[in-house]
Amino acid sequence: MKVAIASGKGGTGKTTVATCLAHLLPAHGQPTTYVDCDVEEPNGHIFLGPRIERSENVSIPIPVIDRELCTNCGNCCEICRFNALACLPKKVMVFPSLCHGCGGCALVCPEGAITEMPRAVGVVERGSAGDLGFLQGRLAVGEALATPVIRAVKRAVPERGIVILDAPPGTSCPVVETIRGVDWVVMVTEPTPFGLNDLKLAVGAVRKLGLTTSIVINRSDVGDSGVEDYCEEEGLDVILKIPHSRTVAEAYARGEMPVLAVPGYADMLEKLADAVLTRVREAEKR
Amino acid sequence: MRIAVTSRGPEMTSDVDPRFGRAKWFVIVDTETGESEAIDNESGVQAGSGAGVQAAARVAGLGVEYVLTGHCGPNAFRTLTGAGVEVITSVTGTVEDAVGKVKRGELSPTDAADVNGHWT
């Protein structure tokens with residue numbers, strides 16, 4: 001069972017909810033792995049304090065041109081959508097920082113003049129935090145492509161048990177890569193015009209991917225009723241409302257998980273854990 | 001001598017476009033015959049990434065010796081230099097003014113990109 005915790009808007013409490021949920025699940029007898037897919041700024045480790053046991057490089061294949069074999073036909077430049085190759089009158093130049101590693105140029109080269117060389121763009125780190133499995137991707141500094149790192153993290157996810165994927169904010173490629181193929185998307189939002197605006201975009205993306213989603217409203221007693229009205233209109237299931245609490249904010253500011261530091265918080269999050277476990281049982285029946 | 005000038009419009013009287021990769025037009029001028037030709041750079045304007053690389057390969061393929069523009073980033077500069085094209089930046093005014101200045105030897109090529117890239 002793969003559950004993605006997403007939001008649209010940043011700062012709504014995705015990582016807080018994802019880490020707390022992941023922390024509670026192993027006690028229910030389910031092997032669980034927390035996966036930080038926010039590879040540009042993974043920070044779930046601050047809450048979970050995992051022991052990292054293994055680190056693997058993530059690389060993308062970039063073209064290397066054999067000038068002896070190249071006839072300057074221009075096919076490679078024609079197929080490259082990212083303009084990572086420049087076909088000049090007398091030679092072909094490669095711009096590795098623009099290359100997405102699709103391999104198209106090597107496929108269309110009629111002379112076999114293109115070989116591929118790996119270029120490291122990030123790392124996947126594995127470890128554990130108590131009973132909880134831990135995985136995170138980290139994009140290398142200066143790199144622009146998050147999706148190859150997210151793909152690599154997802155490939156490292158165990159086949160069995162519950163997997164909680166902490167998604168990046170937004171609705172662009174990194175989010176799509178994270179939520180693609182999951183069983184359920186939980187959107188953490190806040191009841192403000194900003195939360196609503198971005199929630200609509202994220203729900204649109206989730207629906208386009210044919211996924212089901214439910215809503216957690218964080219700091220539910222601030223702001224306005226816009227998010228709830230929208231959820232009702234759209235038939236979206238609000239499975240949990242977490243009221244605003246200064247104690248939660250203080251725990252967060254110390255890097256402590258509210259399920260451990262704030263009385264009553266774990267009881268609230270158990271409702272979300274129950275919803276996940278119900279889905280696991282339903283999937284087992286099927 | 002063939003010169004490519006980045007331009008906001010297709011005419012010799014159009015203003016020089018300060019951008020290279022995403023310039024609206026390239027006006028190609030042959031200083032010997034006085035003939036000019038306008039190349040629409042819509043594919044550069046719309047490029048997701050590598051607009052400078054694409055534009056540089058395109059003008060190099062047209063056999064120009066000089067590129068006149070406002071600014072030129074590192075990838076475009078490397079591509080143009082790799083093709084043996086000289087780059088003159090900080091050019092303003094109309095296309096015909098710019099060509100006149102080159103003919104009179106008032107402008108000299110740059111030896112480096114004058115702005116940062118967008119992706120690197």
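Does A:Cys102 count as buried or exposed, and at what relative accessibility? At 65% relative accessibility, A:Cys102 counts as exposed (buried means under 20% relative accessible area, exposed over 50%, partly exposed in between, with a 1.4 Å probe and protein chains only).

A few notes before the views. This is a predicted model, where local features need pLDDT of at least 70, side-chain atom pairs count only at pLDDT 80 or more, and totals for chains, interfaces and linings use all residues. Residues are numbered from 1 along each chain as its sequence is written, chains are lettered from A and ligands numbered from 1 in the order written, and side-chain values use heavy atoms, leaving out hydrogens and water.

**View 1. A disulfide links A:Cys77 and A:Cys87.** The S to S distance here is 2.1 Å (a disulfide is a pair of cysteine sulfur atoms within 2.5 Å). Look through the whole structure, over all chains, and you find one disulfide. Its S-S torsion is about 90°, so the disulfide of A:Cys77 and A:Cys87 is right-handed. A:Cys77 sits in helix H3 (residues 75-79) of chain A and A:Cys87 in strand S4 (residues 85-87) of chain A, so the pair ties together parts that are 10 residues apart in sequence. Helices (H or I, at least four residues) and strands (E, at least two) are DSSP runs, numbered from the N terminus. Both A:Cys77 and A:Cys87 are buried.

**View 2. A:Cys102 and A:Cys173 are each in no disulfide.** For A:Cys102, the nearest cysteine sulfur belongs to A:Cys105, 6.4 Å away. For A:Cys173, the nearest is that of A:Cys102, at 14 Å. A:Cys173 counts as exposed, with 53% relative accessibility.

**View 3. Chain B has an open sheet of five strands.** The order is S3-S2-S1-S4-S5, with mixed pairing (two strands pair if DSSP finds at least two bridges between them). At the edges are strand S3 (36-40) and strand S5 (86-88) of chain B, each pairing on one side only. From one strand to the next, the twist averages 20° (axes are lines fitted to C-alpha atoms, for helices over the stretch in contact, and angles run from 0 to 180 degrees between N-to-C directions).

**View 4. Strand S4 (residues 66-68) of chain B runs parallel to S5(B).** Three bridges join them. B:Tyr66 has B:Glu86 as its bridge partner in S5(B).

**View 5. Helix H4 (residues 95-103) of chain B lies across strands S1 (2-7), S2 (25-30), S4 and S5 of chain B.** The helix runs at about 145° to S1(B) (contact means heavy atoms within 4.5 Å).
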